[in-house]
Amino acid sequence: MSLTLAQKILNNHIVEGEPVKGSSIAIKIDQTLTQDATGTMAYLQFETMGVSRVKTERSVAYIDHNTLQSGFENADDHRYIGSVAKKHGIYFSRPGNGICHQVHLERFGKPGKTLIGSDSHTPTCGGIGMVAIGAGGLDVAVAMAGGAYHITYPEIVGIKLTGKLRDWVSAKDVILKVLQELSVKGGVGRIMEYFGDGVKMLSVPERATITNMGAELGATTSVFPSDELTHQFLKAQGREEDYIELSADEGATYDKVLEIDLSKLEPLAACPHSPDNIKSIRELASTGTAVNQVCIGSCTNGSLQDLLKVAHILKGKTVHEYVDLSIAPGSKQVFNMLAECGALSDLIDAGARILECTCGPCIGMGQSPISAGVSLRTFNRNFLGRSGTKDAQVYLVSPETAAASALTGIFTDPLTSDVTGAMPPYIMPEKFSVNDNMVTLPASEDDASKVEVLRGSNIKPFPSNSPLSDDITAELALKTEDNITTDHIMPAGAKILPLRSNVPAISEYCFVVVDETFPSRAKALKDKGGCIIVGGANYGQGSSREHAALAPVYLGVKAVIVKSFARIHRQNLVNNGILPLTFVNESDYDKLTQGEVLKLPNVKNEVQSGKNITLECAAGIIELKNDLSERDKDMILAGGLLNMFK
């Protein structure tokens with residue numbers, strides 16, 4: 001049988017289950033990555049498993065999120081992660097080395113391998129032919145300990161690319177077009193696989209932009225073939241030995257095919273406050289809307305190719321007087337090469353503020369826009385309040401659109417504007433500037449016992465849940481709308497991110513974007529049976545942040561009942577012993593009222609038997625789906641994965 005590329009890699013890694021769509025499988029994981037906002041909890045969980053050394057081929061801990069060190073908390077966490085990495089066989093990418101996805105693509109990713117990371121944009125490495133999946137920190141800890149990663153065998157959506165991008169139309173516009181066609185729910189339960197003659201017209205950095213933002217589709221991952229362009233990229237990174245050729249079999253069939261003619265695309269933008277709210281820059285430019293801020297970089301568009309185009313547009317010009325422009329290279333390698341070729345000077349001369357090689361503004365760590373400001377960002381998410389300014393109007397655009405608009409002070413189409421000039425050809429370097437001096441190697445197995453793990457005072461134990469009770473009686477403490485993101489559940493930003501190692505402290509901010517009273521009300525209910533949350537469709541989309549489950553555990557949330565879940569968040573709930581339920585009839589959502597008492601009178605037996613779950617409410621009896629896998633049932637019954645593991 002002819003197989004797609006994704007099927008080939010998955011099937012080669014299955015250790016449990018069969019490759020049947022919709023069935024549960026377990027796959028062997030070759031590589032893992034963590035970042036510092038999720039890493040502390042992942043390593044605390046790993047330590048409880050009693051494994052002396054990671055079992056993967058390569059595990060890397062990155063410091064790229066919590067680098068704003070306004071207090072001791074972030075620095076202490078970095079020291080802890082560095083020490084635990086040295087002790088347990090994990091490579092440690094120090095602050096300043098770059099954003100995890102950019103660096104992993106450059107230095108560690110391998111075609112044909114599996115990677116899971118405690119960050120939702122881990123699929124970036126699909127740009128070089130990996131099956132790279134975002135996951136919760138606990139799943140990553142299990143993989144480091146030698147355990148398999150459990151997923152539902154996905155549908156494969158083929159995205160056929162034809163033609164060639166016009167000058168000043170970019171890979172960002174490709175993925176924005178896919179989002180326009182499929183929406184933020186269009187990838188749930190699916191892998192996006194790119195094929196067709198247009199693929200060979202896209203460089204590895206361009207492919208990585210597309211796979212990175214595939215996370216916004218809700219997809220399990222996205223993947224490109226590993227071809228001669230992949231070979232050239234890895235050779236230029238000094239990693240030619242990591243290359244293998246990989247592509248779908250001739251005649252492979254996809255569950256759905258979306259065809260995109262690259263030559264017909266135009267510059268696009270994701271408008272506030274969702275990555276699939278797409279309009280053309282041409283349309284936005286016609287409004288004459290003023291732009292207050294431009295941010296260029298992030299793991300989506302912080303490559304050398306991206307920033308060389310930006311430097312070309314800005315060279316010899318000055319940023320508009322009412323625009324604040326900041327630029328964050330994706331890695332130290334990119335930063336160095338910009339300096340070596342003189343492009344960094346062009347950026348500085350134009351008035352750009354050069355930031356360190358971190359997530360920075362993308363995760364709300366600095367560069368918050370002015371009140372009600374219009375901010376153009378080359379990032380991957382524009383959820384309400386994510387920028388740090390709740391009433392900001394954040395648009396996601398390409399680096400080319402961002403640079404052109406920074407010069408004019410209004411939305412500007414780089415395809416037609418005279419500020420862009422002729423597009424220079426991008427020729428991938430024959431050799432990238434490779435210097436891994438900011439990657440600390442782990443101690444040898446013989447020396448590992450001598451390494452002391454250093455814990456700061458902000459690091460608190462992660463909360464544990466109790467086994468599922470026979471029945472649940474609890475107040476409906478919060479009812480939310482559709483498309484609730486993990487930013488709604490557990491906000492980020494410079495004020496909150498330093499508390500990632502302290503769940504009791506960070507829980508004080510749980511759902512405050514939606515309802516400032518929720519944390520105090522939930523704590524008051526904790527000793528009275530806990531509480532239940534009800535939500536709409538696509539609940540938990542966005543970041544993989546496990547804290548969006550850990551904080552609710554701490555606050556006593558027993559179950560979450562919604563129309564539909566985003567994949568990673570649903571699994572994080574299960575991993576931490578919170579029962580995830582969906583309505584059999586979505587219209588029953590309207591029958592529930594915040595503040596009423598809900599009963600799940602026979603929940604333990606119904607979970608065990610696989611029967612649908614009975615909910616008693618003021619309006620009568622409501623039937624809820626029990627779509628837990630056998631493994632999920634075991635976790636829920638035990639009160640979470642760690643309880644089951646023990």
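Q: What makes the space of about 710 Å³ a pocket, and how is such a space defined?
A: About 710 Å³ of space lies in the largest pocket. On a 1 Å grid over the protein atoms alone, a pocket is an open set of points with protein on both sides within 12 Å along at least five of seven lines, whereas a cavity is a set where a 1.4 Å probe fits but cannot get out. The volume is the space filled by probe spheres set on the points, which are joined across faces, edges and corners.

Q: What should I know about the model first?
A: It is a predicted model, where local features need pLDDT of at least 70 and side-chain atom pairs count only at pLDDT 80 or more, while totals for chains, interfaces and linings use all residues. Residues are numbered from 1 along each chain as its sequence is written, and side-chain values use heavy atoms, with hydrogens and water left out.

Q: Which residues lie nearest the centre of the largest pocket?
A: They are Thr152, Gly189, Arg567, Arg570 and Gln571, out of 29 lining residues; a lining residue has an atom within 4 Å of a point. Helix 18 gives the largest share of this lining, five residues. Helices (H or I, at least four residues) and strands (E, at least two) are DSSP runs, numbered from the N terminus.

Q: Why is the contact between Asp632 and Arg570 called a salt bridge?
A: A salt bridge needs a side-chain nitrogen of Lys or Arg within 4 Å of a carboxyl oxygen of Asp or Glu. The closest N and O atoms of Asp632 and Arg570 are 3.4 Å apart, so the pair qualifies. Asp632 lies in helix 20 and Arg570 in helix 18, so the pair ties together parts that are 62 residues apart in sequence.

Q: How do you know whether Arg207 is buried or exposed?
A: Buried means under 20% relative accessible area, exposed over 50%, and partly exposed in between (1.4 Å probe, protein chains only). Arg207 has 0%, so Arg207 is buried.

Q: What makes Arg207 and Asp227 partners?
A: Their closest N and O atoms are 2.8 Å apart, and they form a salt bridge. Arg207 is in helix 7 and Asp227 is in the loop between strand 11 and helix 8, 20 residues apart.

Q: How many salt bridges are there in the whole structure?
A: A search finds 27. Lys28, Asp30, Glu57 and Lys113 are linked in a network of them.
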